[in-house]
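Welcome! Please take a look at the sequence and the structure below, and keep both at hand while you work.

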Amino acid sequence: MALPMLRGCLRVQSTFGLSRLLLNGLSLLRRSGTSRLPLSSPAAVAGTARRFSSERDGNKPNQKVVVVGIPNPFRWFRTRIYYFLIRAYFDKDFNIEEFTEGAKQAFSHVSRLLSQCQFDALEGLVAKDLIGKLQDKCGSLPSSHKKALSADSDEIMHTTPADVGIYYDDDGRKFVSILMRFWYLTSARLPEDDLEGTRVFHVAVSGETETETKRLLSANYEFQREFTQGVAPDWTITRIEHSKLLD
């Protein structure tokens, strides 16, 4: 499924676009039946493995990824119940695989804008109150950390839904939020002391002897949409966390 970039890059399907969401009154949401998951560092990802090879298609290196892990059965079952409720009561065409692919493209696009401090370009993609907080945090970051915020789509190693929530406010408005977790590689030169515990990989880039050092980082992005009748079917990013970078 082709997903356009810019503001349209956040559109998952015809009824799932990421542009603007009416956010007035979000502080009144009753967050029942859901919990917040802590941001895990790459070193804490149990059973996750990466393998790279230097097989070449022309001059382009071939990158192979192997992910080994055992999902939490309670969390897996719980999220499937929420997917069913979303399809049954909110959007019958909802598909978590398509949503995940759209969220991955959105993450790559927004993280690049964040890395370049293009905060004006985040309007309509990220909640307004969050943009101000990100601007304050990014203003004090060194250039190496800003570069590490950017996740190229080819460097995203693993993407998974971490949490799903359905909320109602006192006015009867309905919201769905999906917290996505991403693991990605960066070649940014980062001080060892600042990112203690992250994993380091030596990737063959143009032959058997030449390698590039990359680091595996993680990020959490929460996508939220209002499903009240008459509201545009748009998703907005309401939470951004980059482990070791935007703590």
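What follows is a set of exercises, each with a worked solution.

Before you start, note that this is a predicted model, in which local features need pLDDT of at least 70, side-chain atom pairs count only at pLDDT 80 or more, and totals for chains, interfaces and linings use all residues. Residues are numbered from 1 along each chain as its sequence is written, and side-chain values use heavy atoms, with hydrogens and water left out.

**Exercise 1. Find how many helices and strands the chain has, and the pattern they follow.**

Step 1. Helices (H or I, at least four residues) and strands (E, at least two) are taken as DSSP runs, numbered from the N terminus.

Step 2. Counting these gives four helices and seven strands.

Step 3. In sequence order the pattern reads β-β-α-α-α-α-β-β-β-β-β.

Step 4. For the chain as a whole, 48% of the 247 residues are buried. Here buried means under 20% relative accessible area, exposed over 50%, and partly exposed in between (1.4 Å probe, protein chains only).

**Exercise 2. Work out which residues of H1 are buried, and how they are placed around the axis.**

Step 1. Begin with the helix itself: H1 has 17 residues and spans 24 Å from first C-alpha to last, close to the 24 Å expected at 1.5 Å a residue. That expected span is 1.5 Å times one less than the number of residues.

Step 2. The buried residues of H1 are Arg78, Thr79, Tyr82, Tyr83 and Ile86. They cover an arc of only 145° around the axis, which puts them on the same side of H1. The arc is taken from the directions from the helix axis to the C-beta atoms.

**Exercise 3. Decide what kind of aromatic pair Phe90 and Phe227 form, and where the two residues lie.**

Step 1. Rings of Phe, Tyr and Trp (its six-membered ring) pair if their centres lie within 6.5 Å; planes under 30 degrees apart count as stacked, over 60 as edge-to-face and the rest as tilted. By this rule there are 10 aromatic pairs.

Step 2. Phe90 and Phe227 are 5.2 Å apart centre to centre, with 65° between the planes, and the pair is edge-to-face.

Step 3. The pair links distant parts of the chain, 137 residues apart: Phe90 is in the loop between helix H1 (73–89) and helix H2 (96–115), and Phe227 is in the loop between strand E6 (211–226) and strand E7 (235–242).

Step 4. Phe90 counts as buried because its relative accessibility is 18%, and Phe227 counts as buried at 8%.

Step 5. Both rings belong to a cluster, in which ring pairs link Tyr83, Phe90, Phe94, Phe99, Phe223, Phe227 and Trp235.

**Exercise 4. Identify what Arg225 does with Phe227 and with Asp91.**

Step 1. The charged end of Arg225 sits over the ring of Phe227, 3.9 Å from its centre. For this, NZ of Lys or CZ of Arg must be within 6 Å of the ring centre and within 35 degrees of the ring normal.

Step 2. Arg225 also meets Asp91 in a salt bridge (3.8 Å, N to O). A salt bridge is a side-chain nitrogen of Lys or Arg within 4 Å of a carboxyl oxygen of Asp or Glu.

Step 3. This pair too links distant parts of the chain: Arg225 is in strand E6 and Asp91 in the loop between H1 and H2, 134 residues apart.

Step 4. Arg225 counts as buried, at 7% relative accessibility, and Asp91 is buried with a relative accessible area of 7%.

**Exercise 5. State how many salt bridges the whole structure has, and describe the one between Asp163 and Arg78.**

Step 1. A search of the whole structure finds seven salt bridges.

Step 2. In one of them, the side chains of Asp163 and Arg78 meet at 2.9 Å, N to O. Since Asp163 lies in strand E3 (residues 156–168) and Arg78 in helix H1, the pair ties together parts that are 85 residues apart in sequence.

Step 3. Asp163 and Arg78 are both buried.
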